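Here is a short tour of one model, written for someone who likes to know the cut-offs behind each term. Have a look at the sequence and the structure first, and then read on.

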Amino acid sequence: MVTKQQLKDLPEDADLRRADSLAREIFSDVANKWALLIIEALGDRTRRFSELRDEVEGVSHKMLTQNLRMLERNGLVDRKVHPTVPPRVEYTLTEAGRALRKTVDGLCDWTHRYLGHIEDARRRFGA
């Protein structure tokens with residue numbers, strides 16, 4: 001988060017604390033489990049829809065489609081349609097998507113590092 005002083009130099013749409021800001025909307029879009037898992041699955045590769053569906057276990061066709069469209073709308077994923085029968089569609093992270101992936105990688109590392117700690121806390125909470 002940025003300080004109040006830093007926010008003075010930013011446009012109102014960059015303030016995550018404001019419910020009506022563009023920054024909050026973007027944050028809400030990308031901070032969901034499917035978007036994060038799709039970003040991680042794409043990595044540095046170009047993937048077809050079916051490859052992503054196989055890679056992201058548990059995601060439905062509908063949720064994968066919605067999240068890929070959202071990521072494309074936010075400029076995080078490029079979608080390329082090849083004029084074949086049937087059409088071949090490929091997805092790749094953009095520069096902005098690759099930058100976000102570094103943060104997602106950090107979140108994945110944190111999850112792996114503290115998994116045991118969280119499991120212990122959940123057991124204590126449920127006891």
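Trp110 sits in helix 6, which covers residues 95–126. Helices (H or I, at least four residues) and strands (E, at least two) are DSSP runs, numbered from the N terminus. The model is a predicted one, where local features need pLDDT of at least 70, side-chain atom pairs count only at pLDDT 80 or more, and totals for chains, interfaces and linings use all residues. Residues are numbered from 1 along each chain as its sequence is written, and side-chain values use heavy atoms, leaving out hydrogens and water.

With a relative accessible area of 42%, Trp110 is partly exposed; buried means under 20%, exposed over 50%, and partly exposed in between (1.4 Å probe, protein chains only). Together with Leu107 and Tyr114, Trp110 forms a nonpolar surface patch of about 290 Å² accessible area. Patches of this kind take residues with over 30% relative accessible area and no salt bridge, with nonpolar side chains (Val, Leu, Ile, Met, Phe, Trp, Tyr) joined within 5 Å. The areas come from the Shrake-Rupley method with a 1.4 Å probe, and for residues only the protein chains shown count as cover.

Beyond its neighbours within four places in sequence, Ile38 is in contact (heavy atoms within 4.5 Å) with Leu52, Val56, Leu64, Asn67, Leu68 and Leu71.

What about charged pairs? The structure holds eight salt bridges, each a side-chain nitrogen of Lys or Arg within 4 Å of a carboxyl oxygen of Asp or Glu. Three of them are listed here:

| Pair | N to O distance |
|---|---|
| Arg18 and Asp20 | 2.7 Å |
| Asp29 and Arg73 | 3.0 Å |
| Arg101 and Asp105 | 3.8 Å |

Asp29 belongs to helix 2 (residues 22–30) and Arg73 to helix 5, so their bridge ties together parts 44 residues apart in sequence. Asp29 is buried at 16% relative accessibility, while Arg73 is exposed at 54%. Arg101 and Asp105, four residues apart in helix 6, are separated by about one helical turn. Arg101 is buried at 17%, and Asp105 is partly exposed at 23%.

How values were computed:
Patch = residues over 30% accessible without salt bridge, like charges linked within 9 Å, V, L, I, M, F, W, Y side chains within 5 Å.
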